[in-house]
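Here's a quick briefing to read with the model open beside you.

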Amino acid sequence: MSGPKSKLAEILAKREGDITSAWLELQAKDLKALSASEQMDTARKSRQFMDALKSASREGNLEDIAAVHWNPVRELLSDLSAGRAKAGYSPVETASFVFSLKQALFNILREEIANDPAALADAVWQTTLFIDKLGLFTMEAFQKTREDVISRQQQELLELSTPVVRLWENVLALPLIGTLDSSRTQIVMQNLLDAIVATRSDYAIIDITGVPVVDTLVAQHLLKTVAAARLMGADCMISGIRPQIAQTIIHLGVDLTGVITKATLADAFALAIRRSGFAVTKGGKEAKETNEEKRSAAGAI
Amino acid sequence: MKLISSESVPVRTPEDIVAVRQAVRRKAVKLGFGLVDQTKVVTASSELARNTLDYGGGGIVQLEIVESERSKSGLRLIFEDRGPGIPDIDLALSDGYTTGAGMGLGLGGAKRLSHEFEIWSKPGEGTRVSILRWK
């Protein structure tokens, strides 16, 4: 069979060198901003890709790039996309690797089948379909790498953003920042309960100064965390209730009466200190002087 | 009442609820809402967006800036889904009632946080909730 499909394969085999050099030239135009080493890297990958393409097209069907013959080609493309995604290339820059090959192939096809317009049109159409498929595959791989990066960052953020801080001998604080969704609440609760056990704390303060919106879901999560801490034998307070949050909670109808709440972390800390039997007094030389002044002033009266 | 501008945000995933809240806050700031009013309307939008997702199976939010006859400006939010609908709206609005795992305060809370509240729902067809907060 000498259909257009095999025509492309035939030309790939016959004019590989010409196609590669034309392609490299086109890519150099697209990627002018790259450093010399990146350009060399691209050239090396392009040659590898042409090699893989040539052998795959000899054995495999151009219409089915998911077939086993195309494994090396797909692998090369995935590697390239992943590398470019990680290096911060834009989707356009990444896709141009494959799409710039289209023009190189068209030019050679035109030279090779100049005398048969119908065959040329067929071959061009075939090539377009083929390159588009490879292009879509490239984008998919690019997207996947980006998504992996994002989900890893989400995980890291989850870990980072829920530190339990020890404020005093038996007082813990958990400053919350950002959105409190179900999965974060789970981690928050777990961290807090673990820390209560590990430090044998009697007081835990959840500070929500950094939580922009307290809706019923967040309130429910907070109440559950407070209840769980209580079951562990610790008194749990919520601090950082700003005026606008207080008003909103009232309108929502959320009942926080069973929970000790304070406007600021400092207030909650002071209460925890007092309850655990400590007293905060001003000390040091300066404080003593002020006290003496007061005393003498009182004596004068 | 005159419609000044309109924008829509899809609600398909829990992350979209965050996007809705941020879009609502942007509009509220643009309208010059105070901090308390901002928080109220953002919280109401959070409740309704979550309802749209959890009970309506996802939908869309329409954010509209409107102006009254006396040229008072306001923010209207319309939440629409093609979910199972609400058979008994009065029951759904009563505090503490829920068919899910929440507190059962979201719908009624959103109503209390808004100046105007409208709900339309038909079993099998979907639900549309519209709230409005004047500046």
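A residue is called buried here if 20 or more other C-beta atoms lie within 10 Å of its own, exposed if 12 or fewer, and partly exposed in between. On that count, 39% of the 135 residues of chain B are buried. Keep in mind that this is a predicted model.

**The two chains**

- Chain B is built from 4 helices and 5 strands. Starting at the N terminus, its elements come in the order β-α-α-β-β-α-α-β-β.
- Take the contacts in chain B with a separation of 6 or more: 64% of them are between residues 24 or more positions apart.
- Chain A has 11 helices and 5 strands. Of its 301 residues, 29% count as buried.
- In chain A, residues 24 or more positions apart make up 74% of the contacts with a separation of 6 or more.

**Helix packing in chain B**

- Look at helix α1 (residues 14-30) and helix α2 (residues 35-54) of chain B: their axes come within 9 Å and cross at roughly 150°.
- Angles over 145 degrees count as roughly antiparallel, and α1(B) and α2(B) are therefore roughly antiparallel to each other.
- The crossing of α1(B) and α2(B) is right-handed.
- On the α1(B) side, the residues that meet α2(B) are B:Pro14, B:Ile17, B:Val20, B:Arg21, B:Val24, B:Arg25, B:Ala28 and B:Val29. From α2(B) come B:Asp37, B:Gln38, B:Val41, B:Val42, B:Ser45, B:Ser46, B:Ala49, B:Arg50 and B:Leu53.
- Sorted by class, this contact of α1(B) with α2(B) has 10 nonpolar, 3 polar and 4 charged residues.

**Helix packing in chain A**

- Chain A has a helix pair to look at too: the axes of α2 (residues 16-30) and α3 (residues 36-59) of chain A come within 10 Å and cross at roughly 145°. The crossing of α2(A) and α3(A) is right-handed.
- α2(A) brings A:Glu16, A:Ile19, A:Thr20, A:Trp23, A:Leu24, A:Gln27 and A:Ala28 to the contact. They meet A:Gln39, A:Thr42, A:Ala43, A:Ser46, A:Arg47, A:Met50 and A:Lys54 in α3(A).
- By class, the contact of α2(A) with α3(A) has 6 nonpolar, 5 polar and 3 charged residues.

**Nonpolar cores**

- The largest nonpolar core has 60 residues. Those with the most contacts inside this core are A:Leu172, A:Leu174, A:Ala204, A:Ile205, A:Ile206 and B:Ala49.
- What does B:Ala49 touch, leaving aside its neighbours within four places in sequence? Its contacts are B:Val11, B:Ile17, B:Val20, B:Val61 and B:Phe79.

**Where the chains meet**

- 21 residues of chain B are in contact with 16 residues of chain A.
- Which elements of chain B give two or more residues to the side that touches chain A? They are α1, α2 and α4 (106-112) of chain B.
- α2(B) supplies the largest share of that side, 9 residues.
- The residues on the side of chain B that touches chain A divide into 8 nonpolar, 7 polar and 6 charged.

**Loop spots worth a look**

- A:Arg200 is not a glycine, yet has a positive phi of about 50°. You'll find A:Arg200 in the loop between α7 (182-199) and β3 (203-210) of chain A. A:Arg200 is exposed, because 10 other C-beta atoms lie within 10 Å.
- B:Ser71, a residue other than glycine, also has a positive phi, near 50°. It's in the loop between β2 (59-67) and β3 (73-81) of chain B. With 7 other C-beta atoms within 10 Å, B:Ser71 is exposed.
- B:Tyr97 lies in the loop between α3 (89-93) and α4 of chain B. Is B:Tyr97 buried or partly exposed? It has 14 C-beta neighbours inside 10 Å, so B:Tyr97 counts as partly exposed.
- Setting aside neighbours within four places in sequence, B:Tyr97 is in contact with B:Leu91, B:Ala92 and B:Gly104. B:Tyr97 and B:Gly108 are 11 residues apart along the chain, and their C-alpha atoms are separated by 9.8 Å.

Note on methods
Residues are numbered from 1 along each chain as its sequence is written. Chains are lettered from A and ligands numbered from 1 in the order in which they are written. This is a predicted model: local features need pLDDT of at least 70, side-chain atom pairs count only at pLDDT 80 or more; totals for chains, interfaces and linings use all residues. Axes are lines fitted to C-alpha atoms, for helices over the stretch in contact, and angles run from 0 to 180 degrees between N-to-C directions. Angles under 35 degrees count as roughly parallel, over 145 as roughly antiparallel, 65 to 115 as roughly perpendicular and the rest as oblique. A crossing is left-handed if the near helix is turned anticlockwise from the far one by less than a right angle, and right-handed if clockwise. Two residues are in contact if their C-beta atoms, placed from the backbone, lie within 7 Å. Ala, Val, Leu, Ile, Met, Phe, Trp, Tyr, Cys and Pro count as nonpolar, Asp, Glu, Lys and Arg as charged, and the others, Gly among them, as polar. A nonpolar core is a set of buried Ala, Val, Leu, Ile, Met, Phe, Trp, Tyr and Cys residues joined through C-beta atoms within 7 Å.
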